[in-house]
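Q: Please take a close look at one residue in this structure and at the part around it. I would like one connected explanation in plain terms.

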Amino acid sequence: MLFSSVTFLFLFLPITLVVYYILPLRFKNLALLVASLFFMPGESRCMSFLWYFRSR
């Protein structure tokens, strides 16, 4: 997913911002971490699982 893609601008970014501002202060960093794990691999969701198991 690119920063200039329609999916990012009209789906991912608004949902992430709403969730970020609704959550209490102590969960905001966790919300951004989870959002980044979905954003970074782009279309390949299996990359998130590979990154998770690789870090262990």
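A: K28 counts as buried, because its relative accessibility is 16% and the cut-off for buried is under 20%. This holds for a predicted model. K28 is part of helix α2. Leaving out residues up to four places away in sequence, K28 touches Y20, Y21 and L23.

The crossing in which α1 passes α2 is right-handed.

On the α1 side, the contact is made by F8, F12, T16, V19, Y20 and Y21. On the α2 side, K28 takes part together with A31, L32, A35, F38 and F39. By type, the residues of this contact divide into 10 nonpolar, 1 polar and 1 charged. Lys counts as charged, and K28 is listed among the contact residues of α2.

As for the whole protein chain, it has 3 helices and 0 strands, and its elements run α-α-α from the N terminus on. Of the 56 residues in the chain, 18% are buried, and K28 counts as buried too. The chain exposes about 4,800 Å², of which carbon and sulfur atoms supply 74%.

How values were computed: Residues are numbered from 1 along each chain as its sequence is written. This is a predicted model: local features need pLDDT of at least 70, side-chain atom pairs count only at pLDDT 80 or more; totals for chains, interfaces and linings use all residues. Side-chain values use heavy atoms; hydrogens and water are left out. A crossing is left-handed if the near helix is turned anticlockwise from the far one by less than a right angle, and right-handed if clockwise. Helices (H or I, at least four residues) and strands (E, at least two) are DSSP runs, numbered from the N terminus. Contact means heavy atoms within 4.5 Å. Buried means under 20% relative accessible area, exposed over 50%, partly exposed in between (1.4 Å probe, protein chains only). Accessible areas come from the Shrake-Rupley method with a 1.4 Å probe; for residues, only the protein chains shown count as cover.
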